[in-house]
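Please read the following report with the sequence and the model side by side, and look up each residue as it is named.

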Amino acid sequence: MKTVDSQGNLIRIITNRFDLDAENIGEIYRSRWAIELFFKWLKQHVRIKSFYGMSETAVENQIYIAMITFCLLVLVQLETNAKQSLLQLSRWLKALLCKPYEKWFQRIQFRSKKLARGTP
């Protein structure tokens with residue numbers, strides 16, 4: 001089977017799905033590739049070490065919560081103009097979780113000013 005990719009390049013596809021034409025197979029491949037790229041990004045940025053449940057809903061909920069956490073950390077980094085990595089911000093948040101938020105904010109501001117002066 002032959003199809004054309006988004007840049008106009010000819011692609012030859014070998015498959016055992018004789019009930020589908022080349023365009024359908026190409027669309028399935030493109031959709032699958034987009035899903036693969038999403039999960040690659042998810043593994044790199046959203047740290048999910050293990051799933052706490054095995055049902056579809058449990059896995060979806062854990063992925064949603066992890067993505068929301070990632071987005072909130074990015075927002076904190078942008079709003080505070082913090083130079084620290086998301087990993088460092090996350091560690092400080094975990095360490096100061098039961099403390100007033102001012103402590104965590106002071107830690108971010110202190111480290112940012114220290115880094116701005118050039119002393120580690």
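A residue is called buried when its relative accessible area is under 20%, exposed when that area is over 50%, and partly exposed in between, with a 1.4 Å probe and protein chains only. The structure is a predicted model, in which local features need pLDDT of at least 70 and side-chain atom pairs count only at pLDDT 80 or more, while totals for chains, interfaces and linings use all residues. Residues are numbered from 1 along each chain as its sequence is written, and side-chain values use heavy atoms, with hydrogens and water left out.

**A loop residue**

With these terms in hand, F51 counts as partly exposed, because its relative accessible area is 35%. F51 is located in the loop between α1 and α2, where helices (H or I, at least four residues) are DSSP runs numbered from the N terminus, as are strands (E, at least two). The C-alpha atom of F51 lies 30 Å from that of P100, and the two residues are 49 residues apart along the chain.

**Salt bridges**

Side chains of opposite charge can pair when their charged atoms come close. A salt bridge is counted here when a side-chain nitrogen of Lys or Arg is within 4 Å of a carboxyl oxygen of Asp or Glu, and by this rule there are three salt bridges.

| D19 | R17 | 3.0 Å |

E27 and R30 are three residues apart in helix α1, which spans residues 22–45, so about one helical turn separates them. E27 is partly exposed with a relative accessible area of 44%, and R30 is partly exposed as well, with 29%. E36 and R32 also belong to helix α1, where they are four residues apart, about one turn of the helix. Here E36 is partly exposed, with a relative accessible area of 39%, while R32 counts as exposed at 52%.

**Aromatic pairs**

A pair of aromatic rings is described by the distance of the centres and the angle of the planes. Rings of Phe, Tyr and Trp (its six-membered ring) pair if their centres lie within 6.5 Å, and the planes count as stacked when under 30 degrees apart, as edge-to-face when over 60, and as tilted for the rest. By this rule the model has three aromatic pairs. F38 and F39 form an edge-to-face pair, because their ring centres are 5.3 Å apart and their planes stand at 75°. The pair of F38 and W41 is stacked, because the ring centres are 6.5 Å apart and the planes are at 25°. F38 and W41 are three residues apart in helix α1, and therefore about one helical turn separates them. How exposed are these residues by their relative accessible area? F38 is partly exposed at 34%, F39 is partly exposed at 37%, and W41 is partly exposed at 31%. Ring pairs join F38, F39, W41 and F70 into a cluster.

**Helix α3**

Which residues of helix α3 are buried? In this helix, which covers residues 86–95, the buried residues are L89, S90 and W92. Seen down the axis of α3, these buried residues fall within an arc of 165° (taken from the directions from the helix axis to the C-beta atoms), so they line one face of the helix. The face of α3 turned away from the buried side carries the exposed residues K94 and A95.

**The largest pocket**

Rolling a probe the size of a water molecule over the atoms shows where empty space is left. On a 1 Å grid over the protein atoms alone, a pocket is an open set of points where a 1.4 Å probe fits, with protein on both sides within 12 Å along at least five of seven lines, and lining residues have an atom within 4 Å of a point. The volume, which is the space filled by probe spheres set on grid points joined across faces, edges and corners, is about 820 Å³ for the largest pocket. Among the 25 residues that line the largest pocket, R47, T69, L73, S90 and K94 are the closest to its centre. Helices α1, α2 (56–80) and α3 each supply at least two residues of this lining, and α2 gives the largest share, nine residues. The lining divides into 15 nonpolar residues (Ala, Val, Leu, Ile, Met, Phe, Trp, Tyr, Cys and Pro), four charged (Asp, Glu, Lys and Arg) and six polar (the others, Gly among them).
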